[in-house]
Amino acid sequence: MLEKEEAERTRRLARKVQDFREQKQQNKSRREFDLWDPNQLWKGFPGLHSNNDPYCGLASMQCFSGEDLEKATCLRMQQEQFRCSLEKQIQERQQARIDEMYIDDLHDKLRLAMETRAAQLAKLEESCRISMRCAMANANKAQAAEMAEQRCHEYRREQEANLKEIQNQIKSDLLSEKPQVTQYSGAPCPVLPHRWKGMTAEQRAVIRKAQEAQRHEKEAQRQAEQARDAEWESQAKCLAQAAMELEEQERELCAEFRRGLGSFNQQLASEQRAHQNYLNSIIYTNQPTAQYHLQFNTSSR
């Protein structure tokens with residue numbers, strides 16, 4: 001509301017400033033208006049007082065459409081009208097200022113009343129909050145006392161139930177060590193599980209005997225497995241030794257083969273060199289002549 005009032009006050013002030021500028025600060029009311037008046041040259045000639053003006057000759061036109069010979073009278077009437085309108089505007093402005101002051105006073109009174117009412121509402125709200133807190137605290141206390149009483153009753157009932165349970169357990173056969181209470185002649189189970197107190201000495205001896213037999217059997221199996229593993233390991237060693245011997249023999253045979261192949265290649269190379277020397281020294285020593293070729297051709301014919 002305060003922001004709206006401030007905006008309205010600013011708008012009214014701007015409108016008043018604009019009205020004052022339009023009415024009091026016109027171009028014609030300025031001191032330097034005569035310097036740039038567009039009708040300055042026309043004002044240099046005297047105005048036409050009547051149609052028989054002595055300033056105008058016979059060839060001059062003395063009657064024009066739109067001429068106003070009563071301009072001075074019209075100006076005085078306009079000034080009087082402007083003065084009346086100005087006084088009316090001043091009165092309206094004064095009345096508007098008075099109305100604005102009255103509205104501002106009403107706004108101040110309204111703001112003060114609203115602030116007073118807000119303070120009263122805040123006090124009332126605080127008193128209501130305090131009352132609610134007191135009521136809630138009392139309700140919580142009553143609820144806490146009720147819950148405490150309920151817990152006390154529950155604790156007493158639980159203690160009584162525990163005492164009865166202990167007495168029943170003491171008087172019943174559940175905590176006794178009699179093996180007869182666990183026996184049941186009916187089928188399918190000869191023992192009552194909910195009354196069973198453990199095994200007898202004879203039953204434990206039978207179980208220990210069976211466990212001992214199982215242990216001996218496991219030991220025999222373990223020894224047999226160890227013997228079988230040892231046999232497999234010895235066989236693996238023998239196979240590995242045989243494989244190593246075969247590899248050694250293969251390497252020796254390959255080396256002997258390479259040595260024989262090398263000696264054979266050397267012998268073959270020496271024979272080829274001897275044959276080549278024979279050809280070069282004996283066979284290819286005499287060059288054939290033309291008579292040889294002639295005899296060869298004649299014999300072939």
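**The second largest pocket**

Mentor: Read along the sequence, the protein follows the pattern α-α-α-α-α, with 5 helices and 0 strands, where helices (H or I, at least four residues) and strands (E, at least two) are DSSP runs numbered from the N terminus. This is a predicted model, in which local features need pLDDT of at least 70, side-chain atom pairs count only at pLDDT 80 or more, and totals for chains, interfaces and linings use all residues. Residues are numbered from 1 along each chain as its sequence is written, and side-chain values use heavy atoms, with hydrogens and water left out.

Rolling a probe the size of a water molecule over the atoms shows where empty space is left. On a 1 Å grid over the protein atoms alone, a pocket is an open set of points where a 1.4 Å probe fits, with protein on both sides within 12 Å along at least five of seven lines, and lining residues have an atom within 4 Å of a point.

In the second largest pocket lies about 310 Å³ of space, a volume being the space filled by probe spheres set on the points, which are joined across faces, edges and corners. Its lining consists of Gln 23, Lys 24, Gln 25, Gln 26, Lys 28, Ser 29, Leu 75, Gln 78, Gln 79 and Phe 82. The elements that give two or more residues to this lining are helix 1 (2–24) and helix 3 (71–171), and helix 3 provides the largest share, 4 residues. By class, the lining has 2 nonpolar, 6 polar and 2 charged residues; Ala, Val, Leu, Ile, Met, Phe, Trp, Tyr, Cys and Pro count as nonpolar, Asp, Glu, Lys and Arg as charged, and the others, Gly among them, as polar.
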